[in-house]
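The following questions and answers concern how terms are applied to one protein model. Each answer sets a value against its definition.

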Amino acid sequence: MEQHNIPPVFDGQCKTLILGSFPSVKSREAEFFYAHPQNRFWRVLADVFCEIPPLSTAEKTAFLLAHHIALWDVIASCDIAGSSDSSIRNVVPNDLTRILSVAPVERILCNGTTAYGLYMKYSFSQTGVPAVKLPSTSAANASFSLSRLSGLWRAALLPV
């Protein structure tokens, strides 16, 4: 059983909560979200907000909070083979009220189909907040170019 070892990023100003499924091996080793160099999460968000991608954990945290974004994962612990979402079993969900009781979250965005499915299965009944399923920023999602990902994430993150 793998344990989630990364605390959520949030403060009392976050209006958007982005949820992944469970940290990759690289992210668990780095003890921060989307640490695998091939994952496009930080490049997509930087593109959405027309900024340079943050590099350090401190820069990434500051970037998220400056844009009123909370970041965490649906799963607190699970059985998983490496970083493969398809191998996830025996899920114990995170308690999202840890964030939602503090932050005025208006929308929840899920990074990929697995995160969305897990949120709907384990967390939606607790939160009552509908989620938007966005295409995964993982390099395994090769059918989505960086510009296509950025466009879809931009539409979800930025006001019309």
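Q: Why is β4 described as largely enclosed by the rest of the structure?
A: In β4, 4 of the 5 residues are buried, so the strand is largely enclosed by the rest of the structure. Buried means under 20% relative accessible area, exposed means over 50%, and partly exposed lies in between, with a 1.4 Å probe and protein chains only. Strands here are DSSP runs of E with at least two residues, helices are runs of H or I with at least four, and both are numbered from the N terminus. The model is predicted: local features need pLDDT of at least 70, side-chain atom pairs count only at pLDDT 80 or more, and totals for chains, interfaces and linings use all residues. Residues are numbered from 1 along each chain as its sequence is written, and side-chain values use heavy atoms, with hydrogens and water left out.

Q: How do you know that β4 pairs with β1 and with β5?
A: Two strands pair if DSSP finds at least two bridges between them. β4 (residues 75-79) and β5 share 3 bridges in the antiparallel sense, and 2 bridges join β1 to β4, also antiparallel. Ser77 of β4 stands opposite Gln3 and has Val92 as its bridge partner in β5, while Ile75 is bridged to Pro93 of β5.

Q: What makes β1 and β5 the edges of the sheet?
A: The 3 strands form an open sheet in the order β1-β4-β5. β1 (2-3) and β5 (89-93) each have a single partner strand, so one side of each is left without a neighbour in the sheet.

Q: Why is the contact between Arg28 and Glu2 called a salt bridge?
A: A salt bridge requires a side-chain nitrogen of Lys or Arg within 4 Å of a carboxyl oxygen of Asp or Glu. The closest N and O atoms of Arg28 and Glu2 are 3.6 Å apart, and the pair therefore qualifies. Arg28 lies in helix α1 (residues 25-30) and Glu2 in strand β1, so the pair ties together parts that are 26 residues apart in sequence. Arg28 is buried at 12% relative accessible area, whereas Glu2, at 34%, is partly exposed.

Q: What is the N to O distance in the salt bridge of Arg154 and Asp47?
A: The distance is 3.5 Å. Arg154 is partly exposed at 30%, and Asp47 is partly exposed at 34%. By this rule the count comes to 2 salt bridges.

Q: Why is Asp73 said to have no salt bridge, and which side chain does it meet in a polar contact?
A: The side chain of opposite charge nearest to the buried Asp73 is Arg28, at 8.7 Å; the definition asks for a distance within 4 Å, so no salt bridge is assigned. Lys and Arg count as positive and Asp and Glu as negative, with His and the chain ends not counted. The side chains of Asp73 and His4 do form a polar contact of 2.7 Å. A polar contact is a pair of N or O atoms within 3.5 Å; within protein, one must be able to donate a hydrogen and the other to accept it, and residues adjacent in sequence count only if both atoms are side-chain atoms.

Q: Why is Ile99 called buried?
A: Its relative accessibility is 0%, so Ile99 counts as buried. Ile99 is found in helix α4.
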